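Subject: Structure for you to look at

Hello,

The structure I promised is below, followed by notes on what turned up in it. Please keep the file open while reading.

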Amino acid sequence: KNKPVKPFEAKTDRSSGNEEKLSEKTLLKIIEATQVVNSTYKLDDVLFGIVNIVQDLTSADRVTLYIVDYSNGILWSKIALESEMREIKLRIGEGIAGWVAQNNQTLNISNVQEDKRHNPVYDNIMDYYTTNMLCYPINNRNGKVIGVLQLLNSKNGQFGKLDEEILNLMSINCAIAIENSELIDIKIKAEREASLHKLINFLIEDIKQPVLIS
């Protein structure tokens, strides 16, 4: 629900040149975070787990994780609006997240409202005003984009290299968690369909018996 998870509190070190660097504590928290993400197989739980952890480890005010559905040519995500969960969809190539999914490139935009790829419709849906954005593609082991992390409105005024580095370190584990949950979901659906097919066959045979006897 885009609320930070208390166990994960990102801290950074700054050099004399004011350049942010990953601290050892932050690295340990990233490792701990990825273990938490991979501890569940339900896709919704995986998605919300990733969103909460990324929001807590980075400077983002809001985080959205889109899943790429190539069979339908869309990206989809679930967001919390007031007291209900709503699914949002956009075409691959549509908006900034759609562009990132299509081109497999990270975008760090300081002024979103001036970017021609930005679609204000989604700001209106979420009753939100986006000023800056970091959009990061999640690739599987084959280099295929299976998701897009969209970070909105850095609390530092603009997303920096540290935010990008955190996403880079987390991305492969996020990809594994997403693919594993999708594979398990497919397997569960296949088993349900197989069980239903067996039940139908059993009922058909059960109906046939009295007919054959007659």
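Helix H3 covers residues 95-103, and its buried residues are Gly95, Ile96, Ala97, Gly98, Val100 and Ala101. Buried here means under 20% relative accessible area, exposed means over 50%, and partly exposed lies in between, with a 1.4 Å probe and protein chains only. Helices (H or I, at least four residues) and strands (E, at least two) are DSSP runs, numbered from the N terminus. Just after H3, Asn104 has a positive phi of about 55°.

This is a predicted model, in which local features need pLDDT of at least 70 and side-chain atom pairs count only at pLDDT 80 or more, while totals for chains, interfaces and linings use all residues. Residues are numbered from 1 along each chain as its sequence is written, and side-chain values use heavy atoms, with hydrogens and water left out.

The chain has five helices and eight strands, in the order β-β-α-α-β-β-β-α-β-α-β-β-α from the N terminus on. Of its 214 residues, 40% count as buried.

On the strands: two of them pair if DSSP finds at least two bridges between them. E3 (residues 60-69) is mostly covered, with eight of its ten residues buried. Seven bridges join E3 to E8 (residues 145-154), and the two run antiparallel; Arg62 stands opposite Leu152 in E8. E7 (residues 133-139) is mostly covered too, with six of its seven residues buried. E7 is joined to E8 by seven bridges, again antiparallel, and Asn139 has Val145 in E8 as its bridge partner. E7 and E8 form a hairpin with five residues between them, and Gly143 in the turn has a positive phi of about 80°. E6 (residues 107-109) is joined to E7 by three bridges and runs antiparallel to E7; there, Asn108 is the bridge partner of Leu134.

The charged end of Arg117 sits over the ring of Trp99, 4.7 Å from its centre; the criterion is NZ of Lys or CZ of Arg within 6 Å of the ring centre and within 35 degrees of the ring normal. There are zero disulfides, a disulfide being a pair of cysteine sulfur atoms within 2.5 Å. Cys135 is buried at a relative accessible area of 0%, and Cys174 is buried at 1%.

Finally, Ala177 belongs to helix H5 (residues 161-213) and is buried, with a relative accessible area of 3%. Ala177 and Lys42 are 135 residues apart in sequence and 9.6 Å apart in space, C-alpha to C-alpha.

Regards
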